[in-house]
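Q: Could you take a close look at one helix for me, together with the sheet that goes with it? I would like the details in one connected answer.

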Amino acid sequence: MTRRLENTASGLATAASILRAGGLVAFGTETVYGLGGDATQPQAVARIFEAKNRPRFNPLISHFPDAASAFRQVVPNPLALRLADMFWPGPLTLVLPRAQGSTVSDLAADGLASLAVRVPRGESAQALLRLAGRPIAAPSANRSGRISPSTAAHVLEELDGRIDAVLDSGPCAVGLESTVLDLTDPARPCLLRPGGITLEALQAICGPIALPDTQSDAAPLSPGRMLSHYAPHLPVRLDVITPMADEALLAFGPQSNAPPPGALVWNLSEHGHLEEAATRLFSGLRTLDDAGQRLHLRGIAVQPVPAHGLGLAIRDRLNRAAAPRPGTPHDDTPHGTAQNAPLADGGIPPLPASPPDTGAAPAGQTQHAPVAQESDSPS
């Protein structure tokens with residue numbers, strides 16, 4: 001059984017000891033809960049893959065308490081130094097050439113000549129990384145291809161009995177994984193994964209940023225690039241205005257009509273705020289998937305989300321949730337539609353007709369539709 005450690009000095013010390021001994025500890029960051037293992041120990045990294053049932057062609061992000069520690073493992077360039085100064089600690093992962101003396105195992109880097117490094121924000125994560133005293137590989141703490149966890153309770157739903165411990169630091173603030181930027185060629189920065197730092201914020205420093213082709217499950221340079229990542233069990237249908245009677249609805253923005261009695265609805269943000277939508281995305285998918293299966297629904301319909309700011313990252317996650325699973329026929333979609341396919345243009349679609357983003361999320365909890373309410377706090 002997986003131990004649930006409190007976010008105290010004693011809990012942090014126990015978690016660090018487990019990591020140094022080659023064990024696995026899930027811990028909260030500002031993005032999602034990560035499944036931590038010592039990146040310098042191939043056996044620990046192999047345990048991460050085993051716990052997640054994760055394909056071994058996807059490299060892992062190594063986490064550090066500060067930029068100096070991260071840059072000892074890679075060869076930083078001036079642009080990387082500027083971005084680290086601006087966004088670290090925070091939800092930005094940089095892919096850089098591996099340093100000659102890097103101690104990160106080949107298994108964690110998938111044998112690549114590059115390494116993905118990040119300095120997460122949050123007192124608990126920073127304290128744990130300092131106590132561990134070594135690079136910590138930490139993909140999201142869920143089984144591969146499933147919804148990323150934003151609370152300790154979510155971690156235990158997925159991995160109880162498969163990992164040594166979870167350090168309960170409360171719900172995550174951002175709810176989206178880190179943005180991943182490839183700087184192996186500083187003259188041509190490439191966005192490998194949208195996330196908590198927006199493309200616009202990066203472009204303000206980097207200038208033009210290339211966008212990758214994600215319509216392939218070929219061996220990726222970055223974590224989180226498998227086309228069918230973040231997949232619920234139920235099929236997902238994108239950019240839906242009116243759901244079918246036997247679909248759950250992942251809504252966004254004000255609703256002109258009240259849902260029918262008993263409808264299964266989760267609104268990412270009733271006021272159309274992308275920041276609030278990002279924090280509620282994974283909880284919403286998880287809630288609709290679990291309740292929808294109990295109610296024998298056929299799928300999850302998703303209303304349009306704007307394709308700017310954090311909307312890019314949200315749509316990228318939804319695109320991957322809707323992608324055909326490996327080994328699943330492409331026509332296995334609800335009601336025989338073709339809308340359960342990836343969005344065009346590599347998961348970064350054109351701006352749809354949908355409610356506009358009106359700024360930061362308001363303080364306090366918004367009212368959400370009945371049936372699918374869920375707290376983001378661990379139980």
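A: Happy to! Let's begin with the sheet: 10 strands form an open, mixed sheet in the order β1-β8-β2-β3-β7-β4-β6-β5-β9-β10, where two strands pair if DSSP finds at least two bridges between them. Its edge strands, each pairing on one side only, are β1 (3-6) and β10 (190-193). Helices (H or I, at least four residues) and strands (E, at least two) are DSSP runs, numbered from the N terminus. This is a predicted model, in which local features need pLDDT of at least 70 and side-chain atom pairs count only at pLDDT 80 or more, while totals for chains, interfaces and linings use all residues. Residues are numbered from 1 along each chain as its sequence is written, and side-chain values use heavy atoms, leaving out hydrogens and water.

Now for the helix: α2 lies across β3 and β7, running at about 145 degrees to β3 (axes are lines fitted to C-alpha atoms, for helices over the stretch in contact, with angles from 0 to 180 degrees between N-to-C directions). Within α2 (residues 42-52), Ala44, Val45, Ile48, Phe49, Ala51 and Lys52 are buried, meaning under 20% relative accessible area, with exposed over 50% and partly exposed in between (1.4 Å probe, protein chains only). Seen down the axis of α2, these buried residues fall within an arc of 165 degrees, so they line one face of the helix; the arc is that of the directions from the helix axis to the C-beta atoms. They pack against β3 (33-38), α5 (106-109), β7 (136-137) and α7 (152-159), contact being heavy atoms within 4.5 Å. On the other side of α2, Gln43 and Glu50 are exposed. Just after α2, Asn53 has a positive phi of about 55 degrees.
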